[in-house]
Amino acid sequence: MTSLPLTPTSAAHGVLDCHYFDEGLCRSCTFIETTHIDQVSNKEAWCREVLADHSPDVWLPAVVGADSDFRNRAKLAVGGSAGAVTLGILDQDFHGVDLRECGIQSAQIRTVIPTLAGFLDHTNLDPYDIKARRGELKFVHVTAAPSGDLMIRFVVRSQHGLDALRSRRDQLIELIPMATVISVNLLPEHKAVLEGSHEELLLGDSLRMNLDRVDLHLRPQSFFQTNTEVAIALYNQVAEWVDEISPSSLWDLYCGVGGFALYCAKESDQQTSRTVTGVELSEQAIESAKISAAELGFGTQSGTTVEFIADDATEFAEANLATGERPDCVIVNPPRRGIGARLSAALEESGIDHIVYSSCNPLTLAKDLDRMPSCTVERAQVFDMFPHTKHLEVAVVLRRR
Ligand SMILES: C[S@@+](CC[C@H](N)C(=O)[O-])C[C@H]1O[C@@H](n2cnc3c(N)ncnc32)[C@H](O)[C@@H]1O
């Protein structure tokens, strides 16, 4: 049996001091004045209320990680002026608020922000001015792996900004030796989004996220859970549940770069043969998942077959179920909108015995559960993926009645 790296509520104590919050400069961490342990109790209570019509046989104790230094990804808005940038958020008048000491970001991210700000100052590029629709620098995204390796992405308005950063590539690499991926993303449109579709790589192509048992590979636009410590606990817990179910075939729908699929594949051995199929819309994420699978030796190892397919989750499920392909167990981990009416209906009618549903939105989870009346919730557990905010991850194990 896998032991969790975190004991339930082990790190949950105290109130995190934040001078940005106290001074009214940033209110992103809405619940920062509540003790972490109370935040988690409140979230659990709300989650139980939302899922009241599907009351699980067992609510397992919430899994709680650190209350500071937990975010592996910072999405920093660039403000200020050329030669004196701020990195953080923009206030309601679109003025930059520098948050370089923000305590929820990982220490590696905090350490690199002053270097990034100094570098951008040196370029003399103008931060993008939302009101005037002028300027270049929009955002800097920084992702940190447990090893300390970093992925740095600059989001700029135009080719001019991209050229200016590309010409300073060597300087950047020298300044930030921990960066294994550096890229520039073009966002010419005046839109309230964090990135555009065009990305030019200046260094590397993927960040190796060295988790406890699996290395995942993140490309610049791939999704990854924002809290590495709690994500590891979630993957291990789901792998443990899947091992108890002991399916010989498993689908991981909305698999991203393959976290659930690879943790569950790892659980099998020569005696337990298991076929694991990960399905995800992003072709880049699927390429990354295939690299991790190859590194782990799947494909060559007898007993376990792991495949990753770029497809829409609903279309994949409908098409395979229609031809009689039915796994013993399915994991779903959709975006906030949930799996929706079509996939819920397909799973409801499928006869599949077990479904593990990991959700970042209990409201859409409840709706999807309404659409699968043949399934009963055996177990549920909250994972405190987003401390100090109202958000949470909840994982449930469903069994056909
Ligand atoms: C909450 S993330 C989960 C990713 C992954 N399970 C993990 O733990 O990192 C949701 C994923 O669903 C993918 N996605 C969104 N719409 C999809 C669709 N219609 N079909 C398949 N995947 C989709 C996104 O690209 C994203 O990687």
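Colleague: Before we look at the parts, where do the domain bounds come from?

Modeller: Domain bounds come from an automatic or database domain assignment. Keep in mind that this is a predicted model. Here the assignment gives domain 1, made of 19–67 + 223–400, and domain 2, covering 73–205.

Colleague: How many Å apart do the C-alpha centres of domain 1 and domain 2 lie?

Modeller: Those centres of domain 1 and domain 2 are 31 Å apart.

Colleague: And how do I read the interface between them?

Modeller: The size of an interface is often given as the accessible area lost when the parts come together. In this model, domain 1 and domain 2 bury about 740 Å² between them, with 66% of that on carbon and sulfur atoms. On the domain 1 side, the residues touching domain 2 are 5 nonpolar and 4 polar, with no charged ones. Counting contacts, 9 residues of domain 1 meet 10 residues of domain 2.

Colleague: How many salt bridges and polar contacts are there between domain 1 and domain 2?

Modeller: The salt bridge count is 0, while 2 residue pairs are in polar contact, both at pLDDT 80 or more.

Colleague: Let's turn to the ligand. Which residues around the ligand come nearest?

Modeller: There are 16 residues around the ligand, and Y235, E280, D312, A313 and N333 come nearest. By class, this shell has 9 nonpolar, 3 polar and 4 charged residues.

Colleague: Which polar atoms lie by a nitrogen atom of the ligand?

Modeller: Y254 has a backbone N or O atom 2.9 Å from a ligand nitrogen, and a polar backbone atom of L281 is 3.2 Å from a nitrogen atom of the ligand. R337 uses its side chain instead, with a polar atom 2.9 Å from a ligand nitrogen. Of the 590 Å² of accessible area that the ligand has on its own, the protein covers 88%.

Key: Residues numbered from 1 in each chain as written. Predicted model: local features only at pLDDT ≥ 70, side-chain atom pairs only at ≥ 80, totals over all residues. Heavy atoms only, no water. Contact = heavy atoms within 4.5 Å. Buried area = accessible area lost by both parts, 1.4 Å probe. Salt bridge = Lys/Arg side-chain N within 4 Å of Asp/Glu carboxyl O. Polar contact = N/O pair within 3.5 Å; in protein donor to acceptor, adjacent residues only side chain to side chain. Nonpolar A, V, L, I, M, F, W, Y, C, P; charged D, E, K, R; others polar. Near = heavy atom within 4 Å. Areas by Shrake-Rupley, 256 points an atom, 1.4 Å probe, with all protein chains shown as cover.
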